[in-house]
Amino acid sequence: MKLARDPSELDVMVMPNLYGDIVSDLCAGLIGGLGLTSSGNIGQGVAVFEAVHGSAPDIAGKNLANPTALLLSALMMLDKMNMEAKATMIRNAVFDVYRDGKHITGDVGGKATCTDFVSAIIDKLE
């Protein structure tokens with residue numbers, strides 16, 4: 001309940017996979033949807049990073065998917081690999097594109113395609 005009321009009170013949550021799946025779905029709702037939610041499962045000597053959402057077969061091949069969750073998951077992986085500077089540079093570009101609001105995908109209120117969104121991020125990096 002605390003997570004839903006004021007997520008800023010929490011920093012790190014540790015739990016088994018099943019509960020992590022439930023909590024990640026709750027968090028996705030808090031921030032705008034599954035297309036924005038990154039995930040990392042970190043164990044002893046191993047780590048797996050993935051977007052929380054499923055495959056979205058209804059929009060497959062239509063250039064409509066929001067790649068944010070996958071990008072943020074990849075950035076979590078770069079952080080884990082001690083490549084924080086690269087991750088921060090890309091993360092800032094992603095956030096800048098959202099702040100600009102011109103190239104965001106339909107699931108978050110925009111009209112951009114996946115390609116438009118990614119191209120805007122690349123432009124911020126150049």
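This is a predicted model: local features need pLDDT of at least 70, side-chain atom pairs count only at pLDDT 80 or more; totals for chains, interfaces and linings use all residues.

Me: Why is Asp 79 called partly exposed?

Reply: Buried means under 20% relative accessible area and exposed means over 50%, with partly exposed in between. Asp 79 has 24% relative accessibility, so Asp 79 counts as partly exposed.

Me: What makes the contact of Arg 91 and Asp 79 a salt bridge?

Reply: The rule asks for a side-chain nitrogen of Lys or Arg within 4 Å of a carboxyl oxygen of Asp or Glu. For Arg 91 and Asp 79 the N to O distance is 2.7 Å, so the pair meets the rule. This pair links distant parts of the chain, with Arg 91 in helix H4 (residues 84–100) and Asp 79 in helix H3, 12 residues apart.

Me: How do you know that Lys 124 and Asp 100 form a salt bridge, and why is the pair said to tie together parts of the chain?

Reply: The closest N and O atoms of Lys 124 and Asp 100 are 2.4 Å apart, and the cut-off is 4 Å, so the pair counts. Lys 124 belongs to helix H5 (residues 114–125) and Asp 100 to helix H4, so the bridge ties together parts that are 24 residues apart in sequence.

Me: Are Lys 124 and Asp 100 buried or exposed, or what lies in between?

Reply: Lys 124 has 39% relative accessibility and therefore counts as partly exposed. Asp 100, with a relative accessible area of 42%, is partly exposed. Each label follows because the range in between runs from the buried limit of 20% to the exposed limit of 50%.

Me: How many salt bridges are there by this rule, and what makes Lys 2 and Glu 9 one of them?

Reply: The count comes to 4 salt bridges. In the pair Lys 2 and Glu 9, the closest N and O atoms are 3.6 Å apart, so this pair too is within the 4 Å cut-off.

Me: Why is Ala 69 called buried?

Reply: Ala 69 has a relative accessible area of 0% and is therefore buried, because buried means under 20%. Ala 69 lies in helix H3. Its C-alpha atom is 10 Å from that of Phe 49, which is 20 residues apart from Ala 69 along the chain.

Me: What makes Ser 73 buried?

Reply: The relative accessible area of Ser 73 is 1%, so Ser 73 is buried. Ser 73 also lies in helix H3. Between the C-alpha atoms of Ser 73 and Leu 125 the separation is 18 Å, and the two residues are 52 apart along the chain.

Me: What is noted about phi at Asn 63 and Asn 82?

Reply: Asn 63 has a positive phi of about 60 degrees although it is not a glycine. For Asn 82, phi is positive as well, at about 60 degrees, and Asn 82 is not a glycine. Asn 63 sits in the loop between S2 and H3, and Asn 82 in the loop between H3 and H4.

Me: Why is Asn 82 called exposed, and why is Asn 63 called partly exposed?

Reply: Asn 82 has 62% relative accessibility and so counts as exposed, the cut-off being over 50%. Asn 63 has 32% relative accessibility and so counts as partly exposed.

Me: What makes Leu 34 partly exposed?

Reply: Leu 34 has 38% relative accessibility, so Leu 34 counts as partly exposed. Leu 34 is found in the loop between H2 and S1.

Me: Which residues line the largest pocket closest to its centre, and what classes make up its lining?

Reply: The largest pocket has a volume of about 1100 Å³. Of its 34 lining residues, Met 13, Ser 24, Ser 38, Ser 39 and Gly 40 are closest to the centre. The lining divides into 20 nonpolar, 8 polar and 6 charged residues. H2 gives the largest share, 9 residues.

Me: Which residues make the nonpolar surface patch?

Reply: Leu 18, Tyr 19 and Ile 22 make a nonpolar surface patch of about 340 Å². Ile 22 is in helix H2 (residues 17–31).

Key:
Residues are numbered from 1 along each chain as its sequence is written. Side-chain values use heavy atoms; hydrogens and water are left out. Patches are made of residues with over 30% relative accessible area and no salt bridge: like charges are joined within 9 Å, nonpolar side chains (Val, Leu, Ile, Met, Phe, Trp, Tyr) within 5 Å. Accessible areas come from the Shrake-Rupley method with a 1.4 Å probe; for residues, only the protein chains shown count as cover. Helices (H or I, at least four residues) and strands (E, at least two) are DSSP runs, numbered from the N terminus. On a 1 Å grid over the protein atoms alone, a cavity is a set of points where a 1.4 Å probe fits but cannot get out, and a pocket is an open set with protein on both sides within 12 Å along at least five of seven lines; lining residues have an atom within 4 Å of a point. Grid points are joined across faces, edges and corners, and a volume is the space filled by probe spheres set on the points. Ala, Val, Leu, Ile, Met, Phe, Trp, Tyr, Cys and Pro count as nonpolar, Asp, Glu, Lys and Arg as charged, and the others, Gly among them, as polar. Buried means under 20% relative accessible area, exposed over 50%, partly exposed in between (1.4 Å probe, protein chains only).
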